[in-house]
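Please keep the sequence and the model at hand while reading.

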Amino acid sequence: MFQIPTEKENITLRPIVRNAVPELNPMLVRGSDWTNFGIFEDGVPIGVTRLHLRDEPSTVELGYEITGRRKGNGFATVAAKAITEYAEGELGYERVIAKIDPINIASQKVAKKSGFVETGKEGNFLVYAHQAPKNL
Ligand SMILES: CC(C)(COP(=O)(O)OP(=O)(O)OC[C@H]1O[C@@H](n2cnc3c(N)ncnc32)[C@H](O)[C@@H]1OP(=O)(O)O)[C@@H](O)C(=O)NCCC(=O)NCCS
C-alpha cells in the first residue's frame with residue numbers, strides 16, 4: 001500500500017477517496033479538485049490533509065483537518081510537514097501555500113510550525129507560503 005511517512009513512525013498518510021475510509025467521509029466534502037490524503041495514527045484514521053493545484057506555476061495549495069478527539073496533539077503539524085515535503089520533493093512543486101481564516105489561530109500555528117511564512121492576503125484569507133529548498 002502506498003503511504004507517505006512522517007517524522008512520527010506511527011503517523012502515516014495515504015491517498016483516499018470517498019467511502020474508502022467511511023470515518024473520514026465527512027471531511028471529504030471539499031470540491032473534487034482536491035486530492036485527499038487520510039492521516040492515520042497506528043492505522044486509525046484521525047484526519048485529512050489535501051492538495052489542490054493552483055493557477056500560478058508550480059504552486060499547490062495545502063489543507064488539513066483533524067478529528068475532534070485527536071486535536072491538540074501536534075498531528076496536523078506532523079501531517080502538514082510530511083505532505084509539504086512530498087509535494088516539493090516527490091511531486092516537484094516549488095511552492096506550497098495555505099489559505100487561512102485570520103481567526104483560525106490553531107491553523108496559523110500549524111502553518112508556522114511547518115515552516116510557512118505569511119505572505120499576504122487572498123480575499124478574506126491570509127496566505128501562508130512554503131518555498132521548496134533550492135537543492136531539491
Ligand atoms: C487547525 C487544526 C487542523 C489543528 O490541528 P492540531 O492537530 O490540533 O494542530 P497542532 O496540535 O499541530 O497545533 C495546534 C496549535 O494551535 C493551538 N491551538 C489550538 N486551538 C487553539 C485556539 N483556539 N486558539 C489558539 N491556539 C490554539 C494548539 O495549542 C497548538 O499550539 P502549540 O503548538 O503552541 O501547542 C484543527 O484544529 C482542525 O482540524 N480544525 C478544523 C479545520 C481547520 O481549521 N483546518 C485548517 C483550515 S486552514
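Why is α1 largely enclosed by the rest of the structure? The reason is that 11 of the 15 residues of α1 are buried, where buried means that 20 or more other C-beta atoms lie within 10 Å of the residue's own, exposed means 12 or fewer, and partly exposed means in between, with C-beta atoms placed from the backbone. This is a predicted model, in which local features need pLDDT of at least 70 and side-chain atom pairs count only at pLDDT 80 or more, while totals for chains, interfaces and linings use all residues. Residues are numbered from 1 along each chain as its sequence is written. Helices (H or I, at least four residues) and strands (E, at least two) are DSSP runs, numbered from the N terminus.

**Helix α1**

- Helix α1 has 15 residues and reaches 21 Å from its first C-alpha to its last. This is close to the 21 Å expected at 1.5 Å a residue, the expected span being 1.5 Å times one less than the number of residues.
- The buried residues of α1 include Phe75, Ala76, Val78, Ala79 and Ala80. Two glutamates, Glu85 and Glu88, are also among the buried residues of this helix.
- As background, an α-helix has 3.6 residues a turn, so residues three or four places apart point the same way.

**Ligand shell**

- The ligand is surrounded by 20 residues, of which Lys71, Ala76, Thr77, Ile105 and Ala106 are the closest. A residue is near a molecule or strand if its C-beta atom, placed from the backbone, lies within 6 Å of it.
- At least two shell residues come from each of β5 (59–66), α1 (75–89), β6 (95–100) and α2 (105–113). The largest share, 6 residues, is supplied by α2.
- By class, the shell holds 9 nonpolar, 7 polar and 4 charged residues. Here Ala, Val, Leu, Ile, Met, Phe, Trp, Tyr, Cys and Pro count as nonpolar, Asp, Glu, Lys and Arg as charged, and the others, Gly among them, as polar.
- Lysine 71 lies in the loop between β5 and α1. It counts as partly exposed because it has 14 C-beta neighbours inside 10 Å.
- Lysine 71 and threonine 59 are 12 residues apart in sequence, and their C-alpha atoms are 28 Å apart in space.

**The sheet**

- An open sheet of 8 strands runs in the order β1-β2-β3-β4-β5-β6-β8-β7, with mixed pairing. Two strands pair if DSSP finds at least two bridges between them.
- The edge strands are β1 (4–5) and β7, each of which pairs on one side only.
- Helix α2 packs on this sheet and touches β5, β6 and β8, contact meaning that the C-beta atoms of two residues, placed from the backbone, lie within 7 Å. The direction of α2 makes about 165° with that of β6; axes are lines fitted to C-alpha atoms, for helices over the stretch in contact, and angles run from 0 to 180 degrees between N-to-C directions.
- Strands β6 and β8 pair in the antiparallel sense over 6 bridges. Isoleucine 100 has leucine 126 in β8 as its bridge partner, and arginine 95 stands opposite glutamine 131 in β8.

- Strands β7 (residues 117–122) and β8 (residues 125–131) run antiparallel and are joined by 5 bridges.
- Valine 117 has alanine 129 in β8 as its bridge partner, and glutamate 122 stands opposite phenylalanine 125 in β8.
- There are 2 residues between the strands of this hairpin, in which glycine 123 takes a positive phi near 60°.
- Strand β7 is hardly covered, as the count of buried residues among its 6 residues is 0.

**Exposed loop residues**

- Aspartate 42, in the loop between β3 (34–41) and β4 (44–53), has a positive phi of about 50° although it is not a glycine. With 9 C-beta neighbours inside 10 Å, aspartate 42 counts as exposed.
- Serine 58, in the loop between β4 and β5, is a residue other than glycine with a positive phi, near 55°. Serine 58 is exposed, with 12 other C-beta atoms within 10 Å.
- Isoleucine 103 lies in the loop between β6 and α2 and is exposed, because 8 other C-beta atoms lie within 10 Å. Its C-alpha atom is separated by 21 Å from that of arginine 70, 33 residues apart along the chain.
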